[in-house]
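The entries follow in the order in which I made them.

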Amino acid sequence: MLSTSVMLRRFYCLGTAASSPATSSHKKRLVYLGSPQVSASVLDALFTASSAPDSLFEITAIVTQPPSARDRGRMVMPSPVAQHALDRGFPSDLIFTPIKAGEESFLCSFKALEPELCITAAYGNILPTKFLNIPSKGTVNIHPSLLPLYRGAAPVQRALQDGVRETGVSLAYTVRQLDAGPVIAYEKMEIDDKIKAPELLEFLFSQGSKLLISELPSILDGSAKTKATPQEESKATLAPKITQEESYLSFDQKASVLHNKVRAFSGWPGTRAKVLMIDPKSDQQNTIDLKIITTRVHDNDEIRNGEKDDIVFVKGSLIFPCGDGTALEVLEVQLPGKKVVNAAAFWNGLRGQKLNKL
């Protein structure tokens with residue numbers, strides 16, 4: 001495990017970047033900004049493209065979130081992007097980890113690198129005007145939605161929550177207003193009602209990487225700025241950050257709404273349900289906090305013969321009655337501190353206890 005001193009980049013304001021890699025005069029200087037695992041896949045695509053004999057650019061520096069405590073051991077670890085860069089042999093002192101991108105010490109060192117283009121993908125920090133004014137070719141963002149739809153921190157999650165069947169990825173110039181810059185290119189795709197947020201995020205950033213590589217020549221020669229299309233503000237929608245408080249399911253809503261929420265919140269923060277366990281022999285009752293992992297909308301009305309709050313087990317699924325006479329099939333669940341199990345294993349573990357939704 002690398003020490004914190006290696007993972008953290010100290011910033012010094014010098015006349016030139018003291019640790020800049022050897023540069024070739026005909027290659028453009030590109031700085032990459034990203035943090036989570038999906039951003040690491042974009043960085044990998046850029047590393048591969050930059051190593052080609054006819055490459056037009058080189059990666060001069062990487063900017064990412066500071067090391068943080070992650071996983072069950074709560075060890076302080078570099079971001080997935082930083083770790084991937086280190087694994088690829090990228091110089092550790094050229095991995096910048098400012099708490100905020102507006103820090104004067106960071107901006108001073110960043111400017112000394114003389115970057116010509118910045119690429120961002122789920123970086124996680126707001127870029128101030130002082131930053132955006134530095135790269136001569138601008139800053140381009142890979143955004144996993146069809147802009148101007150779903151501007152903001154959680155575009156994939158909010159799109160799935162809305163039950164969209166068409167989504168996509170956009171390349172857009174970064175401006176001070178959130179995700180509002182001119183769109184260079186986009187790619188549309190159809191999705192089904194089973195895909196979850198982590199899977200869709202990975203796919204969209206993979207497609208976004210390919211789109212970026214294909215558009216880089218025009219971005220680097222400046223012609224992309226003339227063809228980029230301004231966004232229609234009247235069509236803009238927002239995708240606000242998801243909070244932990246949103247994770248609980250309310251079964252007075254329709255099953256389709258809850259199913260879309262389960263897909264959208266998969267990964268983090270997940271979705272949960274308060275469930276009442278009843279021992280029919282002793283009438284003892286316990287409330288459990290059940291994490292709902294995988295669902296589908298039930299399309300058969302014949303299964304609900306009991307009370308409206310009863311949860312029953314039918315053909316491998318837990319059936320939760322929902323609003324407007326609908327029902328949600330729950331296929332996988334997880335108890336606190338336990339592993340994910342299928343509905344059959346969970347039901348067998350109840351040993352005759354009844355379940356009611358709360």
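Entry on the whole chain. Accessible areas here come from the Shrake-Rupley method with a 1.4 Å probe. With that in hand, I looked up the accessible surface of the chain, which comes to about 17,900 Å², with 52% of it belonging to carbon and sulfur atoms. I note that I am working on a predicted model. The chain has 358 residues, of which buried ones make up 48%, and I find ten helices and 16 strands in its secondary structure. Among contacts with a separation of 6 or more, 68% are between residues 24 or more positions apart.

Entry on the sheet. I traced an open sheet of seven strands with mixed pairing, in the order E5-E2-E1-E6-E7-E8-E9. Its edge strands, E5 and E9 (183-190), each pair on one side only. E7 and E8 (residues 166-173) run antiparallel and are joined by four bridges, and I looked up the partner of His143, which is Ser170 in E8. Helix H2 (residues 37-50) packs on the sheet, where it touches E1, E2, E6 and E7, and its direction makes about 150 degrees with that of E2.

Entry on one strand residue. I then picked Ile142, which lies in strand E7 (residues 139-143). Is Ile142 buried or exposed? Its relative accessible area is 2%, under the 20% cut-off, so I record Ile142 as buried. Beyond its neighbours within four places in sequence, Ile142 is in contact with a set of residues including Val42, Thr120, Val169, Leu171, Phe205 and Leu212. I also took the C-alpha separation of Ile142 and Leu204, which is 9.3 Å for a pair 62 residues apart along the chain.

Entry on the cores. The largest nonpolar core has 70 residues, and Leu212 is one of those with the most contacts inside it, a list that also includes Leu30, Tyr32 and Phe131. Helix H7 (residues 197-221) gives the most to this core, with ten residues. Leaving aside neighbours within four places in sequence, I find Leu212 in contact with Val42, Leu46, Ile119, Ile142, Leu171 and Ile219. Apart from this core lies another, of 22 residues, among them Phe251, Leu328, Leu350 and Leu355.

Entry on helix H4. In H4 (residues 104-112) I find Phe106, Leu107, Ser109, Phe110 and Ala112 buried, and what covers them includes strands E1 (28-34), E2 (57-63), E5 (95-96) and E6 (117-121) together with helix H5 (129-132). Just after H4, Glu114 takes a positive phi of about 55 degrees.

Entry on charged pairs. My search of the whole structure gives 13 salt bridges. Asp44 and Arg88 meet through their side chains at 2.5 Å, N to O; this pair links distant parts of the chain, with Asp44 in helix H2 and Arg88, 44 residues away, in the loop between helix H3 (80-87) and E5. Asp44 is partly exposed at 28% relative accessible area, and Arg88 likewise counts as partly exposed, at 39%. Glu104 and Lys130 form a salt bridge at 2.9 Å, N to O; because Glu104 lies in helix H4 and Lys130 in helix H5, the pair ties together parts 26 residues apart in sequence. Lys130 itself is exposed, with 53% relative accessible area. Finally, I noted a network of salt bridges that links Lys28, Arg29, Glu114 and Glu116.

How values were computed. Residues numbered from 1 in each chain as written. Predicted model: local features only at pLDDT ≥ 70, side-chain atom pairs only at ≥ 80, totals over all residues. Heavy atoms only, no water. Helix = DSSP H or I, 4+ residues; strand = E, 2+ residues; numbered from the N terminus. Buried < 20%, exposed > 50% of the residue type's maximum accessible area, 1.4 Å probe, protein only. Contact = heavy atoms within 4.5 Å. Core = buried A, V, L, I, M, F, W, Y, C linked by side-chain atoms within 4.5 Å. Pairing = 2+ DSSP bridges. Axes fitted to C-alpha atoms, helices over the stretch in contact; angles between N-to-C directions. Salt bridge = Lys/Arg side-chain N within 4 Å of Asp/Glu carboxyl O.
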